[in-house]
Amino acid sequence: MSDVMVLVEHRQGAVRDVTFEMLTAARKLATGGNVAAVLLAENCDALAPAVAPHANKVICVSGPAFKDFNYEPYQKALVKLATERKPGAILVANSAFGSDLGPSLAVALNAGLVSDAVAFTRADSVFSVSRGMYAGKLVADWVIGAEPAVIMVRQSNFKPEPANLGGTVENWDAGDVVSGAKTKFISIEEVPTTGIDITKSTIVVGIGRGIKEAKNLPLVQEFAQEIGAVLAASRPVVDAGWLPKEVQVGSSGKTIKPKLYVALGISGAFQHVAGMKGADTIIAVNKDPKAPIFSVANYGVVDDLHKVVPALRTKIKEMKA
Amino acid sequence: MEIAVCLKRVPDTAEADVKVDATGKDIVRDKLAFTINEADNYALEEALLAKEKHNANVTLVSVGPKPAEEVLRMGLAKGGTAAARIDSEGIGDADGIGLARVLAAWFKDKSFDLIFTGAIASDDGNSQVGPALAELLGLPHAAYVTKLDIQNGKAVVKRELEGGFLEVKELATPCVVTIQTGGNTPRYASIMGIKRAGAKPIDQAAPTKTESKTQLTRVYVPEVVSAAEMIEGSIEEKAAKLATLLKEKGAV
């Protein structure tokens, strides 16, 4: 059976966690086939040892064009490699890097693509892939009926498992990947901060779309203060400009592991959950009983936060008195 | 400068109960409100900002049934200069790349310096169309962009990375840029704009039938596997139980 290739994702000299998640998923998928980690880097030797135990082989592609992520040279190398080796599937992360690469790679290979995959199985050349829709309210099952399949794998979804495959390292030459380049990587920079660090707080109150309007902010700000918490938010609140970017919890914001997380009016889209599921205790208040937040919460209240929080503040005052 | 923006009309399901229809492959749509896809609204704003800065024309394009013209009218009301609707009749089973192929067929004989799309659609969450469209047109692209500047014929973009980081990169133009939410503040249409937009023509185009490499077999509501202890009762009872819980956890 044909190999399953996994594109190793690394940033600033470190292999990102999603790589090991994808390799774990690939090992379960490749019945009879090998798992090949594809490592494109300035100098593969530095990163290959981290990956080798998790794959049957590591295909190392070294070159200055691969120092920082840029879909253009990556795609040129992967198209050449896939054309030569004919893998059954190529897994890339459904990350900022992978999302820049996956769709155009699939077009260039004339391959079927499913993005944001959360589960997949293989029967010979047919890949069945499940993914979320409508912010997790539905699951959709897709079939990619021909090889190669390009599958973009959701981050923080598969639990990485240890492995000891001792993958052989093979150096492979991508040839010229820079002639005629239309894109150029310039730098990676940090989003400017104003000094609030939500990762340092042991108690965090998170607010989401359910807050409705900016004028409702004082209610939750005062509540957070009363329970010694820092106020954080999911993406819609930050996009609206009501709270600064640095308090955004989730895959494109901060990952937090407080002792207590109180989620108010947060539906629990996977991007948000990726940033807070490591909390010791999660209390969720949401008026939608089907909200995905309840699947990660330890305690749930199905109700409107605008009713629950004022009543709760009254009880806390009584308790303190 | 010529700018195009791809807009999608989507059901607003943020607070709606989503139900699967009789085909098992789509949702029940008749009770839902529809709106412009959130990321597309930011893409539209980015295009309008570039229009004002560079004296550009902004052409809006949407693939969809007749009601998709609602989002085109809204875009025209905000300052778009022209609009086209590609009918979706007969292409209902197109996947993300299939939809990009429909758009690419429309773009093929037109010339734009910049093509914007939203980074992700709130309905399917595919996040495929922009980069796939770029590849089909032979153009460079950048996905998940929150900031864009045009300098000396190049697009300098900032892409959102995980963990509070941004990637800065430069693209030759023409190019395709997919816009992430949050990078600008989408404007509202003025009353005058809405009046003017009502009178503007919307070009009509037929879709090019494309082949999809993937097939949707079914959609379903996932079982919420919840281990959460649900706190029930009246508001006062819920509040009292929560207060006790917060105290146990050291928050009171």
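Among contacts in chain A between residues at least 6 apart in sequence, what percentage join residues at least 24 apart? The figure is 63%. The model discussed here is a predicted one.

1. Overall form of chain A. Chain A contains eight helices and 17 strands. Its C-alpha atoms occupy a box of roughly 75 × 40 × 35 Å along the principal axes. Of its 321 residues, 57% count as buried.

2. Domains of chain A. The domain assignment divides chain A into domain 1 (4–171) and domain 2 (198–320). The centres of these two domains, taken over C-alpha atoms, are 34 Å apart. Six residues of domain 1 of chain A are in contact with six residues of domain 2 of chain A. On the domain 1 side, the residues that touch domain 2 comprise one nonpolar, four polar and one charged.

3. Nonpolar core. The largest nonpolar core has 188 residues, and A:Val6, A:Leu39, A:Leu91 and A:Ile151 have the most contacts inside it. Both domain 1 (4–171) and domain 2 (198–320) of chain A give residues to this core, so it lies between them. The surroundings of A:Leu91 may be inspected in detail: leaving aside neighbours within four places in sequence, A:Leu91 is in contact with A:Val4, A:Met5, A:Val6, A:Leu7, A:Met22, A:Ala26, A:Ile151 and A:Val153.

4. Strands β15 and β16 of chain A. Strand β16(A), residues 281–286, is largely enclosed by the rest of the structure, because five of its six residues are buried. Strand β15(A), residues 260–264, pairs with β16(A) in the parallel sense over five bridges. Within this pairing, A:Val262 has A:Ile283 of β16(A) as its bridge partner.

5. Overall form of chain B. Chain B has six helices and 13 strands. A box of roughly 65 × 45 × 40 Å, taken along the principal axes, holds the C-alpha atoms of chain B. Of the 252 residues of chain B, 47% count as buried. Among contacts in chain B between residues at least 6 apart in sequence, 71% join residues at least 24 apart.

6. Contact between the chains. Chain B brings 69 residues to the contact and chain A brings 80 residues. On the chain B side, elements that each supply at least two residues include α3 (96–107), α4 (129–137), β12 (214–220) and α6 (235–248). The most is given by α6(B), with ten residues. By class, the side of chain B that touches chain A has 36 nonpolar, 16 polar and 17 charged residues.

7. Strand β17(A), residues 299–302, runs parallel to β13(B), and two bridges join them. A:Gly300 has B:Met230 of β13(B) as its bridge partner.

8. Ten strands form an open sheet with mixed pairing, in the order β12(A)-β9(B)-β8(B)-β7(B)-β10(B)-β6(B)-β1(B)-β4(B)-β5(B)-β11(B). Which strands stand at the edges? They are β12 (183–190) of chain A and β11 (203–205) of chain B; each has a single partner strand, so one side of each is left without a neighbour in the sheet. From one strand to the next, the twist averages 30°.

9. Details within the sheet. Strands β7(B) and β8(B) run antiparallel and are joined by six bridges. B:Lys147 has B:Lys158 of β8(B) as its bridge partner. Helix α3(B) lies across β1 (2–6), β4 (57–63), β5 (82–86) and β11 of chain B, and runs at about 135° to β4(B).

10. The loop at B:Ser234. B:Ser234 belongs to the loop between β13 and α6 of chain B. Is B:Ser234 buried or exposed? B:Ser234 is exposed, because 10 other C-beta atoms lie within 10 Å, and a residue counts as exposed at 12 or fewer. The C-alpha atoms of B:Ser234 and B:Ser190 are separated by 45 Å, and the two residues are 44 residues apart along the chain.

Key: Residues are numbered from 1 along each chain as its sequence is written. Chains are lettered from A and ligands numbered from 1 in the order in which they are written. This is a predicted model: local features need pLDDT of at least 70, side-chain atom pairs count only at pLDDT 80 or more; totals for chains, interfaces and linings use all residues. Helices (H or I, at least four residues) and strands (E, at least two) are DSSP runs, numbered from the N terminus. A residue is buried if 20 or more other C-beta atoms lie within 10 Å of its own, exposed if 12 or fewer, and partly exposed in between; C-beta atoms are placed from the backbone. Two residues are in contact if their C-beta atoms, placed from the backbone, lie within 7 Å. Ala, Val, Leu, Ile, Met, Phe, Trp, Tyr, Cys and Pro count as nonpolar, Asp, Glu, Lys and Arg as charged, and the others, Gly among them, as polar. Two strands pair if DSSP finds at least two bridges between them. Domain bounds come from an automatic or database domain assignment. A nonpolar core is a set of buried Ala, Val, Leu, Ile, Met, Phe, Trp, Tyr and Cys residues joined through C-beta atoms within 7 Å. Axes are lines fitted to C-alpha atoms, for helices over the stretch in contact, and angles run from 0 to 180 degrees between N-to-C directions.
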